[in-house]
Amino acid sequence: MSPDREADVTAGGFRPVPDVLAHLAGRWHVQRTVRDLASGDEGRFEGTTEFSPLEGGGLLHFESGTFVWQGVPRPAERTLRFLPGSSPGTADVRFADGRPFHDLDLGTGRHVADHPCSADLYRGEFTVRDADHWRTVWRVRGPAKDLVLVTDYVRAGGS
């Protein structure tokens with residue numbers, strides 16, 4: 001790693017991102033594992049995520065690919081809106097219908113966000129390794145759910 005790149009990494013090994021929206025813009029290759037800790041079942045998603053500009057500011061996040069669960073492949077997609085957050089460089093992440101999902105501040109290269117959903121709690125950890133790689137780990141706990149979802153993003157054209 002060059003000295004310039006080393007300066008971009010915090011002591012925890014994460015790369016600070018001063019502007020989340022600028023960093024995420026573009027196309028990413030996505031690989032996700034989904035583990036049901038109660039049943040032991042595991043699934044896998046592979047596809048792409050495109051962060052494209054939204055009229056009025058922010059990014060439209062469109063993810064599409066194939067999700068394999070219990071050996072059965074199915075097409076899968078989701079749409080989120082990443083809007084400018086309350087502080088410069090942050091994002092307010094919302095579902096496609098406008099409902100709040102979570103905040104996102106990668107100023108230190110790492111962020112933890114909670115999303116209560118009915119009786120379940122989704123806790124997400126977002127980490128940035130470098131300009132072309134970032135990861136989310138969602139831990140979902142509740143009366144009907146005990147899941148871990150790990151998603152790795154690699155910038156299209158990145159290494």
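Start with the largest nonpolar core, which has 29 residues. Leu 24, Phe 51, Phe 82, Leu 104, Leu 106, Phe 126 and Trp 134 touch the most other members. A nonpolar core here is a set of buried Ala, Val, Leu, Ile, Met, Phe, Trp, Tyr and Cys residues joined through side-chain atoms within 4.5 Å. Buried means under 20% relative accessible area, exposed over 50%, and partly exposed in between (1.4 Å probe, protein chains only). In soluble globular proteins, nonpolar side chains tend to be buried together.

The model is predicted: local features need pLDDT of at least 70, side-chain atom pairs count only at pLDDT 80 or more, and totals for chains, interfaces and linings use all residues. Residues are numbered from 1 along each chain as its sequence is written, and side-chain values use heavy atoms, leaving out hydrogens and water.

Take Leu 106 from that core list. Not counting residues up to four places away in sequence, Leu 106 touches Arg 15, Pro 16, Val 17, Val 20, His 111, Phe 126 and Val 128. Contact means heavy atoms within 4.5 Å.

The structure holds eight aromatic pairs. Rings of Phe, Tyr and Trp (its six-membered ring) pair if their centres lie within 6.5 Å; planes under 30 degrees apart count as stacked, over 60 as edge-to-face and the rest as tilted. Phe 101 and Trp 138 have ring centres 5.4 Å apart and planes at 10°, so this pair is stacked. Phe 101 lies in strand 6 (residues 100-104) and Trp 138 in strand 9 (residues 133-141), so the pair ties together parts that are 37 residues apart in sequence. Strands (E, at least two residues) are DSSP runs, numbered from the N terminus. Phe 101 counts as buried at 12% relative accessibility. Trp 138 counts as buried at 11%.

Trp 138 also pairs with Phe 126: the centres are 5.7 Å apart and the planes at 85°, so the pair is edge-to-face. Phe 126 lies in strand 8 (residues 120-130), so its pairing with Trp 138 in strand 9 ties together parts that are twelve residues apart in sequence. Ring pairs link Phe 95, Phe 101, Tyr 122, Phe 126 and Trp 138 into a cluster.

Glu 63 is found in strand 3 (residues 59-69). Glu 63 is buried, with a relative accessible area of 3%. Leaving aside neighbours within four places in sequence, its contacts include Val 30, Arg 32, Thr 49 and Tyr 153.

Notes
Helices (H or I, at least four residues) and strands (E, at least two) are DSSP runs, numbered from the N terminus.
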